[in-house]
Amino acid sequence: MTRQAISNPLHADEGADNGAPPPQINAPRHRRQLRIPPDVAQRIVVGGLWAIAMSAVAVLLFIIVFIMVKGLPHVTPEFLLQAPAKGGRLGGVSPMIFGTIAVAGLAVLIAGPIGVITAIYLTEYTRESKLTAFIRFGADCLAGIPSIIFGLFGFVFFADTLGLGISIISGALTLALMVLPTIIRTSEEAIRAVPAAFRDVSFGLGSTRWQMVTRVVLRSALPGIGTGIVLSIGRSISETAALMLTSGMVARHPSSVFDSARTLALHFFTLSREGISMPKAYATAAVLVLAILMINLLAYWFMRRFIARVR
Amino acid sequence: MMSANNEMHKVDHIRCSHVGEHCATSPGPAKIVVRDFHAGFGETQVLRNVSLDIYPCQRLAIIGPAGGGKTTFLRSLNRLNSLEHDFRHSGSILLDGQDIFASNVDVARIRRRVGMLYAVPIPLPLSIYENLTYGPRLAGIRDRHRLDELVETSLKSAILWDEVKDRLREPAHNLSGGQQQRMCLARVLALEPEVLLLDEPCSGLDPISTAKIEDALDELKSRYTVVLVTNNTKQAARASERTAFFLMGEMIECGPTAVIFTNPRHGRTSDYITGHFG
Amino acid sequence: MRASQGMPKRSPLGAWLDRKQDLFISSILLVVALSAISGLVVITAFIFKEGLPIMLQVGVGKFVSSSDWYPAEGHFGIFPMIMGSLAVTAGALVIGGVLGLGCAVVLTQFCPRWAVSILKPSIELLAGIPSVVYGFIGVVILVPMIRVHLGGPGLSVLASSIVLGIMMLPTVTSISVDALQAVPKAYRDGSIALGATHWQTTRMVILKASRSGLVAAMILGMGRAVGETMAVIMVAGNTLDVPDSILAPVRTLTSNIALEMGYAAGDHRKALFATGVVLFVIIMILNTIALTVSRRRSRRKSGA
């Protein structure tokens, strides 16, 4: 056996697998006697890493379960359909649900087309150059700016300079800038994943570039783009700091996009921060977290469809 | 301009007369004239000094070892290469006397007249019906009956009609590999092109599917000008009237298939055909 | 009748438009594509326009090094907030960095398929939870725990660091996962074939090869922590002193803006914009470092 192992290097490797390390690693063993043997170290470290990963999942589960247990009992039909009374101590959150949908929906309606068009330009209408690097750099930087800075900007630019006031439209425009990088990035990835051969075929059948993009590429990339859009809606719903300064805190049903509207997240912040009503705060949080859960499920579903389609 | 128009009429007349055998024996004016054609991508020269006539209603096979520029040549004939940003060329390719590289040419129209079938079947992520009507719709045909008619005739030409007539609304990628390739052939035929470019159309298929594709092509030979790139010399011998041999970016020789395969002028041609290299 | 001839004849102008179509569409798309970059430019311009004058009036040195923040008397010094932001970010980096990197290593190296399909969506969902919810959980769970077991007011650097650490975990994990996955599989196989254990391989080969990507992940995670506002307001305590221990309350740059913007006017409002300028500069420095580090990595990769 020994002779065979020496004469055949392949067998020497098999030996290493069975626990006897090959000479390179074996050699300094006498100096390392006090150290933990590698296989034990492996077990300890992997155990520790798993503990870390599981604690992340545990934190998530805890947050969801905690909010649901404390909040769901207070989520009644009246809570969803009534306006708040006495500063939020009584009543429900219907204007906030409406305001959240208005601000987030409008933001994505603005950022969606711009983001997708940017992605189309970057992938189909130009090749890599200083200009594309510049555009991507802009998007990357935009993605890193904190929401409070967006809030300051929206406050002074949209509300003040453009005269839109503290309103749904100011908030939506600010949010649109915030989610634009996400939409650009996900759309670009989705479009790049469309097989190059589709483009050849489409051109070969006499399409123009624009026809190729709209009829083949976008069609295949749509679920991928959808994922990005849905995640942007999620981010819009969660946003508070920027909206506090742009769409404001008025807890009434807005009558137009130039009215202020308080979103669910901001309402929750106010209720809990000012200690107005803990049951109402928990209930609002439950609605918020449920919305986020559903949106993530939707994004996940889009992603599955996209993967199925591209394959 | 006048003469180009005249020529086009003449060619159409021959094509429409449906006398394939006649076409094959007396070529008449060339459908495609390639003169001193050089092409490459960036720094790489791929094709050198190719001059070649392609006659209407004939099948031209292009054979040669890999990397010889066959596919680049084929993709030049419908200007697909122009999609690569670093593609460059010199010399001319005339389709019915018209330079396809001229600046005033409608490239989409050229590609409709010169259809292409790729090495692997590439169904677009649409239904079978939508795949087939993709080209005609882009060409501006909206009439439902006309589209239905085009779908039926082209599927029949590709010998696929009986297999798919009841499932036209299904996604095209549900078809088997061989069926997909015949659908791709039908998709090109639905544009009623004048020239068919086939880029190793059977390389990814099993022998039975290959036979079906070849049968379909056999049916079509009287009506179309066909350029077939193939690695399979037997296929070239079976399915062409004329053969051109490409090696390292140059066209070594071109002539009637029977002559090329029995009595080539160049040693390298016979070496390749007899399997000494490539 | 062939399809191509069934097309209506185009007028010369129409044909010219057809030929130039790509160019027209491309220029229109380009204009739209520049909106991200123009947004960035306008944001920068307006934040500086609003904030810079008061900063220059007070003196940049004094503005960032003075500890006196009495807006009513016209004293504007944000040193405590800068220190506060640094303290909570450093703490968050320790917690979020370890957790995030740990998750990334598990996801890419030691994770069976089924576990990936649980872990990955969980971490993505963690990124989707609103920051106010994190802040709220921090207030009702974490803060009392710290107050009871460790002393102090509970609202503290420590509470903020833990909350921010968990919030930056998804950022760190997703960028680290990209970096770790970019390591060629051959490196790993080669090391395993030499008899190294899986963990030795990870430590000596994979972590080393993806070092710059991991650094970029940490820096971008820091950027997220520096910029976070609402959660920090809720758990940090927001006092105006430089924190002297991890159990002391702090105020960060972001919370300074969010807390006072509602009622600020005149110079006070401008001073808050100036706080924004400082925050903006810190973020831009972090972003630039992260982008340069990761770009160097991709250049090296393409060169190889």
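Colleague: Helices (H or I, at least four residues) and strands (E, at least two) are DSSP runs, numbered from the N terminus. So where is Ser210(C) found?

Modeller: Ser210(C) sits in the loop between α10 (198–209) and α11 (211–227) of chain C. This is a predicted model: local features need pLDDT of at least 70, side-chain atom pairs count only at pLDDT 80 or more, and totals for chains, interfaces and linings use all residues. Residues are numbered from 1 along each chain as its sequence is written, chains are lettered from A and ligands numbered from 1 in the order written, and side-chain values use heavy atoms, without hydrogens and water.

Colleague: Is Ser210(C) buried or exposed?

Modeller: Ser210(C) has a relative accessible area of 2%. Buried means under 20%, exposed over 50%, partly exposed in between (1.4 Å probe, protein chains only). So Ser210(C) is buried.

Colleague: What is Ser210(C) in contact with?

Modeller: Ala179(C), Leu180(C) and Val183(C), leaving aside neighbours within four places in sequence. Contact means heavy atoms within 4.5 Å.

Colleague: New topic, chain A. Why does Ile44(A) count as exposed?

Modeller: Because its relative accessibility is 52%. Ile44(A) lies in helix α4 (residues 38–71) of chain A.

Colleague: Which residues make the nonpolar surface patch?

Modeller: Ile36(A), Val40(A) and Ile44(A) make a patch of about 270 Å². A patch takes residues with over 30% relative accessible area and no salt bridge; nonpolar side chains are joined within 5 Å, like charges within 9 Å. A salt bridge puts a side-chain nitrogen of Lys or Arg within 4 Å of a carboxyl oxygen of Asp or Glu.

Colleague: On to chain B. How many helices and strands are there in chain B?

Modeller: Chain B has 12 helices and 10 strands. Of its 278 residues, 55% count as buried.

Colleague: In what order do the strands form the open sheet?

Modeller: In chain B, 6 strands run β6-β7-β8-β3-β9-β10, with mixed pairing. Strands pair if DSSP finds at least two bridges between them. β6 (114–117) and β10 (250–256) of chain B stand at the edges with a single partner each, so one side of each has no neighbour in the sheet.

Colleague: How do β3 and β8 of chain B run?

Modeller: Strand β3 (residues 59–63) and strand β8 (residues 225–229) of chain B are parallel, joined by 4 bridges. Leu60(B) has Val227(B) in β8(B) as its bridge partner.

Colleague: Which helix lies across β6 and β7 of chain B?

Modeller: Helix α8 (residues 177–189) of chain B, running at about 175° to β6(B). Axes are lines fitted to C-alpha atoms, for helices over the stretch in contact; angles run from 0 to 180 degrees between N-to-C directions.

Technical notes:
Accessible areas come from the Shrake-Rupley method with a 1.4 Å probe; for residues, only the protein chains shown count as cover.
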